[in-house]
Amino acid sequence: MQRIFKRLERVLNLEVKQGYKNKAVVGGIRQFAVYWVEQAREAAVDELDQAFVEQAVDLLMEYGRLPGTEARAKAVQTLLDGLQKREGRVGQTVPQPEPDKPAKRERRKPQPKQTAVQKPVETPPPAQPADEEADDEDEQVEEIPPARPQEPTTEPDPAGLAQSVTALHGVGPAIAERLSKLGAETIDDLLTIFPRRYDDYTLLKPINQLRYGDQVTVIGTIWETRARRTRTNQVMVQTVVSDGTGSIQATWFNQPWLPDKLKAGMQIVLSGKIDQFLGRLVMPSPDWEALELDPLRTRRIVPVYPLTQGLNGNKMREIMRTAVSQWAQRIPEPLPRSVRTSQNLYSLPQAVEQIHFPDSQASLHHARRRLMFDELFLLQLGMLGKRQTWQENTGIPLQIPDDALQPFYDALPFSLTAAQQRVIGEIQADLTRPVPMNRLLQGDVGAGKTIVAAAAMLTAVQAGTQAALMAPTEILAEQHYRGLSRQLEPLGVTMALLTGGTPAAEKEAIYAGLTSGEIQIVIGTHALIQEGVTFNNLTLAVIDEQHRFGVDQRGALRSKGAETADGQLYPHVLVMSATPIPRTLALSLYGDLELSILDEMPPGRQEIKTRWLRPTERERAYAFLRRQIEAGRQAYVIYPLVEESDKIDEKAAVEEYERLQKQVFPELSVGLVHGRLRPDEKEAAMRAFYKGETQILVATSVIEVGVDVPNATLILIEGANRFGLAQLHQFRGRVGRGEHQSYCILVADSSSADAEERLKALEQTNDGFVLAEKDLEIRGPGEFFGRRQSGLPELQLASLLDMEMVETARAEAQKLFAADPALEQSEHQLLREQVGRFWEHAGDVS
């Protein structure tokens, strides 16, 4: 028991040291609590221990939601005081292991695992302190036995693995067609369809022993299933399951077909997390499957695969067992032995066997670790190759006098922040080099990225060359053009705006001016990358909101550099993003770019006051909006959909626009803008709002970026739980751009714990980087960039948030790349082929 309390003390002390940022353990304090509590409860020696454990769990589970440093510090101190009192009561200290002897490992029963539909999951080891160096003198507790790698027993057979799945016994044309819908055409494809979750029959828990926060597999019989409509008109299905020791209610939302499948008397397996509702234990949205007796008798860990119509779980497991038993050992091993030995990794055949049919939770952990490492290792090798390829290109060094930009700075009505000065210095240092710059500029909404871009473009002009800025929408391009023209044209810079809406005659004149060099800076949309656009000497390309462009579009702008007798000259590239990305993730997403961060807001920028209201409080929001309009201000109202949908129970912009105009605000002028309008219709709606002709603008996510209306002081976001945290923060950035106090009202029913966490986070902070960290914790990297836009290969198992694994893979990749950058050595041939396949469908990362 002492060891378990010691582990808690180490985590708490590290949390104090790190400033109560909820980062003492990977995944946060709540994650640590989930895995600590079961061990602590089992090891409690008396009632006082049990009482302390329950107090600790309550505080730890809610720690991440506590508002601010002071509340978190109080919670941590409460627990540390409790630990100190207990130590005095027990009257002994934790024994330290001998320097040369490893600490004796505590034997621990494997834990039931959390289930998830979208990706395979396992029971990870208890979360460990993120900063292990701080605990060198403390006892290290090894929870999972070290891996015991085994070399393949059969010669590799790539040709056999490339056969159609019909080569497997029991797979005919009909089943092969169903497997192809899951992405499996060949046996090799089939082996990479990993389980989406597991039912762990090695340790089952009776319902009467379940506790809040448990992640478990429960077996029981359905007593009843019923469906009803909630106040927000969602379909809620409730099923009561009993195992003889007790009963528990499982709940699902918006799955109206479930009552037909979950009949009374059916034996069922539920996998998920235990929560509480009105003092009773419940399982919200668990995964479920009809009970099979065979794995129950043999106490196995059973894989649960993604399925398609006409292919049930039993048949899929049968097919996978055949494929794994006959072919897993024939998979070629691409990873050099030196890397496998250094990281103590399973061989690839062993990992594939154990990811599908694990012998234990430990072997499942090691299998996943090997496969996750492979993905991140291949990702980093590809990044290193792309970085080297870009640095081999020829750029044009831009040399200007030290004081060349001083008139620009003198004309600004404000002083640059220290962060802006630092970043401009970083960019100008890059521009003087003969290697083309490749830099990502990150900054929160309102941090002043445009001024930095203006300084960079003016540098290109002063050096006698041209610059271009590409924005994702016409509205944003026009806004940039208006702002930059006011700053740069008085300095003698010739500028032009080129969009899809530019009249044909004007386009021809702009094309001619770009070709001759008369136009020094052009700002535009995708129109900049059309074939007819040629530059006299483009040396700087700025891409705003870069994740809104596909990789081909970004590459097309890069290709607009000058051509000489010696070959293509590439422009310096500055990509900008107002979606804050934590530095660690940015290094993974953009390993081939240099990174600049504007982490300081200009003085005088007001904090936007944010409140979350329930749908039943909507009238309060309308009353507040009316008061803002009466005070002479304007407001946005955002909806998640354009039109009503039978499948999604959310308010939609078109219908709500008509309701607001006719019933709620008949005396006011209401505008409408959404993605299905023609560009000229969108432009007219936005311009009317900008000029103050409309007082309320109803919109969808089309206004996420680019609108700058200083008189708009309120944004009301309906269905806020349907948006991601990063997107909500972008919406909020549409207000607060003038001198008046601004507000953001989120109207949402907390349909899930994740949604509630997002909404509370927005109420608590305006810091985009803090919110980005939180969004990543909740939703993962997909919220920021989809594969098509980012140019990154898709990761099946690995997470870019697993920074320890990312750093390990990066270090090994750098070591290998330094020794053999082209992977030309014979032992790296298979690895080179795998890197090529891994990056085959990805594009340019920046």
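## A guided tour of the predicted model

The protein chain has 29 helices and 24 strands, which are DSSP runs numbered from the N terminus (helices H or I with at least four residues, strands E with at least two). This is a predicted model in which local features need pLDDT of at least 70 and side-chain atom pairs count only at pLDDT 80 or more, while totals for chains, interfaces and linings use all residues. Residues are numbered from 1 along each chain as its sequence is written, and side-chain values use heavy atoms, with hydrogens and water left out.

Next, select helix H21 (residues 618–630) together with helix H22 (residues 653–664), which pack at an angle of about 70° with their axes 14 Å apart. H21 and H22 are therefore roughly perpendicular to each other, a term for angles of 65 to 115 degrees. Now show side chains: Arg618, Tyr622 and Arg626 in H21 meet Glu656, Arg659, Leu660 and Val664 in H22, where contact means heavy atoms within 4.5 Å. By class, this contact of H21 with H22 has three nonpolar, no polar and four charged residues.

Finally, move to helix H29 (residues 829–838) and select Leu831, Gln834, Val835 and Phe838, which are buried. Looking down the axis of H29, you find these buried residues within an arc of 105°, so they line one face of the helix.

Methods: Axes fitted to C-alpha atoms, helices over the stretch in contact; angles between N-to-C directions. Parallel < 35°, antiparallel > 145°, perpendicular 65-115°, else oblique. Nonpolar A, V, L, I, M, F, W, Y, C, P; charged D, E, K, R; others polar. Buried < 20%, exposed > 50% of the residue type's maximum accessible area, 1.4 Å probe, protein only. Arc of directions from axis to C-beta.
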